[in-house]
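My entries follow in the order in which I made them.

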Amino acid sequence: MNPKESHIQPLISLQRLEVAYGGIRAVRGIDLHVNAGERVCLIGANGAGKSTTLRAITGLVPLVGGAVEYDSRSIAGSPPFDLVRRGLIMVPEGRGIFGQLTIEENLAMGAYTRRDASQIRQDTERVFTLFPRLAERRKQAAGTLSGGEQQMVAMGRAMIARPKLLLLDEPSMGLAPLMVEKVFEVVRTIASEGVTILLIEQNARLALENSDRGYVMESGEIILDGDARDMLNNPKVRAAYLGEVEA
Ligand SMILES: Nc1ncnc2c1ncn2[C@@H]1O[C@H](COP(=O)(O)OP(=O)(O)OP(=O)(O)O)[C@@H](O)[C@H]1O
Ligand SMILES: [Mg+2]
């Protein structure tokens, strides 16, 4: 561990985490942590086990082995409601919005563990300020929105849940460059307010440029981790994940 971090308590830590689907081990004993206030990315090819790692954190798939601690407590087996109430919020792969519900109704789902109606209203208006496109369409069924607009709804819903730790699974997936820029601008805004972020991305450059540290996953294992700037300059990372020819 970096001496600078030695006194900092991780907000989330995975120890020897193992997950399997049937007999297939998708995550093979990984260690990963994110300190409070840090932005960390997990990159790697299709099928490496990135989404499975996030699903294990949020309890959507059971652990075969290892431990997950959030805010210094084990959360293996915790019901999703508890995790949400404690500020552990995921924007899942594919966004997980409710297509039949309006934008407003989808955003309201983010507040389901909250009771402070006037604060919820303020947070909702703030999402509409950040994403004016959603404000214009607030009564529209979310299923009729473009992919980028649906990503905005998913991010907005997560913000309304007041995250302490935000887990983002490929927020840039399927979006045009301008929309990707917009989504990452909002990620930076959220991070600047002190929210801790664990980001999964196929776009390794974008992920590392928006992170303090990174981990590389391959076939269910962490094969490399370190400072995001160093990783951007690492010839192996550049060749394998940034689409550059190794020097
Ligand atoms: N529900 C499931 N049942 C069986 N196998 C699964 C299931 N979900 C994922 N897997 C397998 O587990 C492995 C890891 O998948 P995972 O979705 O975690 O990868 P990923 O790194 O998120 O990939 P991508 O970048 O394509 O989203 C893959 O081999 C995948 O086929
Ligand atoms: Mg995935």
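**Helix H4 against helix H6**

I began with helix H4 (residues 117–130) and helix H6 (residues 147–160), whose axes come within 9 Å and cross at roughly 150°. Axes here are lines fitted to C-alpha atoms, for helices over the stretch in contact, and angles run from 0 to 180 degrees between N-to-C directions. The crossing angle makes H4 roughly antiparallel to H6; the classes are roughly parallel under 35 degrees, roughly antiparallel over 145, roughly perpendicular from 65 to 115, and oblique for the rest. The contact (heavy atoms within 4.5 Å) involves Asp-123, Thr-124, Arg-126, Val-127 and Leu-130 of H4, and Gly-156, Met-159 and Ile-160 of H6. I sorted the residues of this contact into four nonpolar, two polar and two charged. Nonpolar covers Ala, Val, Leu, Ile, Met, Phe, Trp, Tyr, Cys and Pro, charged covers Asp, Glu, Lys and Arg, and the others, Gly among them, are polar.

**Ground rules**

I note that this is a predicted model, in which local features need pLDDT of at least 70 and side-chain atom pairs count only at pLDDT 80 or more, while totals for chains, interfaces and linings use all residues. Residues are numbered from 1 along each chain as its sequence is written, chains are lettered from A and ligands numbered from 1 in the order in which they are written, and side-chain values use heavy atoms, with hydrogens and water left out. Helices (H or I, at least four residues) and strands (E, at least two) are DSSP runs, numbered from the N terminus.

**Helix H6 against helix H7**

I then followed H6 to helix H7 (residues 177–192) and found their axes 10 Å apart, at an angle of about 10°. That makes H6 roughly parallel to H7. On the H6 side I listed Gly-148, Glu-149, Gln-151, Met-152, Met-155 and Met-159; on the H7 side, Met-179, Lys-182, Val-183, Val-186, Val-187 and Ile-190. The residues of this contact come out as eight nonpolar, two polar and two charged.

**The four-stranded sheet**

I read the order of an open sheet of four strands as S2-S1-S4-S5, with antiparallel pairing. Strands count as paired if DSSP finds at least two bridges between them. Strand S2 (24–35) and strand S5 (73–74) stand at the edges with a single partner strand each, so one side of each lacks a neighbour in the sheet.

Strand S1 (residues 10–21) pairs with S2 over nine bridges, in the antiparallel sense. I found Ser-13 opposite His-33 in S2, and Ala-20 opposite Arg-25 in S2. The hairpin of S1 and S2 has two residues between the strands, and in it Gly-22 takes a positive phi near 60°.

On to strand S4 (residues 65–70): five bridges join it to S1, and the two run antiparallel. Ile-12 stands opposite Tyr-70 in S4. S4 in turn pairs with S5 over two bridges, again antiparallel, and Glu-69 stands opposite Ser-74 in S5. In the hairpin of S4 and S5, I noted a positive phi near 55° at Asp-71.

**Overall dimensions**

I counted 10 helices and 10 strands in the protein. Its radius of gyration is 18 Å, close to the 18 Å that the globule rule gives for 247 residues, so the protein is as compact as a globular protein of that length. That radius is taken over C-alpha atoms, and the rule is 2.2 Å times the number of residues to the power 0.38.
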